[in-house]
Amino acid sequence: MDTLRRLDDQVLADVNGFARHTGWLHGVVLGYATYGLVLFAALLLAALWLRRRGSNRALAAAGWAGLATQLAVGLNQPLVSGFAEARPYTTHPGLLVLATPNADFSFPSDHAVMAGAAAAGLWLVARILGAIATVAAPAMAFARVYIAAHYPWDVAAGLVFGALVALVGWLLLRVPLTTVVGLLRRQPGMRQLFPAPTPEPAHPAPVMPGPPAA
């Protein structure tokens with residue numbers, strides 16, 4: 001454990017040293033670390049729009065991506081309170097701190113949990129959305145360490161926990177979720193928003209050539 005702690009502190013120091021020498025990045029990284037949640041929300045909404053006319057299973061996956069993200073953050077709250085790890089700026093007074101100090105605990109990172117769950121959930125919907133989120137999620141994790149709001153292991157654990165909630169939850173709940181989506185789609189208020197899947201046009205059977213004329 002001591003070895004892991006020393007490694008974590010060393011990575012934190014390296015990232016903070018990088019932050020000291022990249023003042024031109026401060027505004028961009030702080031903005032993303034604070035408001036990057038909007039990007040993930042947009043991706044999750046895009047998933048619903050993309051699959052609104054898809055099969056019940058496809059629409060259920062899109063809905064689950066957003067639901068899993070909220071569920072993962074909710075499940076993380078008891079963990080944060082249980083571990084009660086102090087923020088790095090409270091135990092390392094020499095850090096360059098770009099984050100706004102607060103009294104919340106640090107492990108695991110809520111932002112990283114959100115990002116990990118959204119990225120994993122979006123892979124269930126569409127590769128392009130999953131790929132974008134997979135780039136955005138570690139960027140969010142790095143940004144939270146860069147502004148000295150979290151230790152590296154806070155964000156690493158958060159990404160893994162969020163992804164596990166999304167993937168394991170889908171494995172366990174995909175059948176009932178698909179059934180619920182099918183039922184909801186029949187409701188009058190939902191039919192316009194999430195139309196039934198458009199059936200593929202039937203292809204006529206090929207006409208077999210007859211025997212040659214005598």
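Below are questions and answers on this predicted model.

Residues are numbered from 1 along each chain as its sequence is written. In this predicted model, local features need pLDDT of at least 70 and side-chain atom pairs count only at pLDDT 80 or more, while totals for chains, interfaces and linings use all residues, and side-chain values use heavy atoms, with hydrogens and water left out.

User: How many helices and how many strands does the protein have?
Analyst: Helices (H or I, at least four residues) and strands (E, at least two) are DSSP runs, numbered from the N terminus. From that terminus, the elements run α-α-α-α-α-α-α-α-α. The count is nine helices and zero strands.

User: What share of the contacts with a separation of 6 or more joins residues 24 or more positions apart?
Analyst: Contact means heavy atoms within 4.5 Å. Among contacts in the protein with a separation of 6 or more, residues 24 or more positions apart account for 79%.

User: What percentage of the 214 residues counts as buried?
Analyst: Buried means under 20% relative accessible area, exposed over 50%, and partly exposed in between (1.4 Å probe, protein chains only). For the 214 residues of the protein, the buried share is 40%.

User: Which residues does L122 contact, leaving aside neighbours within four places in sequence?
Analyst: L122 is one of the core members that touch the most others. With those neighbours left aside, its contacts are L43, L44, A47, A65, L129, G130 and A133.

User: How many residues are in the second, separate core?
Analyst: In soluble globular proteins, nonpolar side chains tend to be buried together. The second core includes V29, L98, A141 and I147. Its size is 21 residues.

User: Is A19 buried or exposed?
Analyst: A19 lies in helix α1 (residues 2-20). Beyond residues up to four places away in sequence, A19 touches H26, L96 and Y146. Because its relative accessibility is 0%, A19 counts as buried.

User: Which side chain makes a polar contact with the side chain of R185?
Analyst: R185 is in helix α8 and is buried, at 8% relative accessible area. A polar contact is a pair of N or O atoms within 3.5 Å; within protein, one must be able to donate a hydrogen and the other to accept it, and residues adjacent in sequence count only if both atoms are side-chain atoms. The R185 side chain reaches the backbone oxygen of R52 at 2.8 Å. The side-chain partner, also at 2.8 Å, is N56.

User: Which side chain is joined to that of S106 by a polar contact of 2.4 Å?
Analyst: S106 sits in the loop between α5 (88-91) and α6. S106 is buried because its relative accessibility is 0%. The polar contact of 2.4 Å is with the side chain of D154.

Technical notes:
Core = buried A, V, L, I, M, F, W, Y, C linked by side-chain atoms within 4.5 Å.
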